[in-house]
Amino acid sequence: MYIESWGNKAAEEIWEHEKSDAVPRELWERAKLLLTIMYHENQLKLMADRGMPPRTNLHKYKGTEATWSIDILGRKNPWRILFEFEDGKYHNVRIVDPHKG
């Protein structure tokens with residue numbers, strides 16, 4: 001309902017098929033859970049206040065004005081869900097390891 005657009009194939013594959021060759025297998029279930037929460041929850045502040053699931057560290061992505069970041073498995077794991085949030089909807093939702101090119 002609240003995910004407006006996908007920013008990469010990995011996020012779309014996790015959403016539609018619960019797997020992606022671009023994302024490590026151990027992240028699939030957690031990434032799908034986080035995307036499901038985003039799909040049903042349009043109050044970004046409420047998500048942060050509730051702590052979403054633990055270890056998500058919802059925050060503005062470093063060096064950007066509009067991009068938000070969610071840690072998939074906590075700060076020690078590099079994989080993130082990145083997105084822009086506007087008018088109560090998530091745009092350009094992508095799953096990335098920002099440490100890789």
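In the predicted model, four strands form an open sheet with the order β1-β2-β3-β4 and antiparallel pairing. The edge positions are taken by β1 (59–60) and β4 (89–96), each of which pairs on one side only. Strand β2 (residues 67–71) runs antiparallel to β1 and is joined to β1 by two bridges. In one of these pairings, His-59 has Ser-69 of β2 as its bridge partner. Strands of a sheet pair through backbone hydrogen bonds, in either a parallel or an antiparallel manner.

The helical part of the model was examined through the packing of α1 and α2. Two packed helices are described by the distance between their axes and the angle between these axes. The axes of α1 and helix α2 (residues 28–40) come within 9 Å and cross at roughly 85°. Because angles of 65 to 115 degrees count as roughly perpendicular, α1 is roughly perpendicular to α2. On the α1 side, the contact is made by Ala-11, Ile-14 and Trp-15; on the α2 side, Trp-28, Ala-31, Lys-32, Leu-35, Thr-36 and Tyr-39 take part. Classed by residue type, the contact of α1 with α2 comprises seven nonpolar residues, one polar residue and one charged residue.

Trp-15, one of the α1 residues in this contact, lies in the helix spanning residues 9–17. Residues up to four places away in sequence aside, Trp-15 touches Trp-6, Lys-32, Leu-35, Thr-36 and Tyr-39. Trp-15 and Lys-32 are 17 residues apart along the chain, and their C-alpha atoms are separated by 6.0 Å.

Terms used
Residues are numbered from 1 along each chain as its sequence is written. This is a predicted model: local features need pLDDT of at least 70, side-chain atom pairs count only at pLDDT 80 or more; totals for chains, interfaces and linings use all residues. Side-chain values use heavy atoms; hydrogens and water are left out. Contact means heavy atoms within 4.5 Å. Two strands pair if DSSP finds at least two bridges between them. Axes are lines fitted to C-alpha atoms, for helices over the stretch in contact, and angles run from 0 to 180 degrees between N-to-C directions. Angles under 35 degrees count as roughly parallel, over 145 as roughly antiparallel, 65 to 115 as roughly perpendicular and the rest as oblique. Ala, Val, Leu, Ile, Met, Phe, Trp, Tyr, Cys and Pro count as nonpolar, Asp, Glu, Lys and Arg as charged, and the others, Gly among them, as polar.
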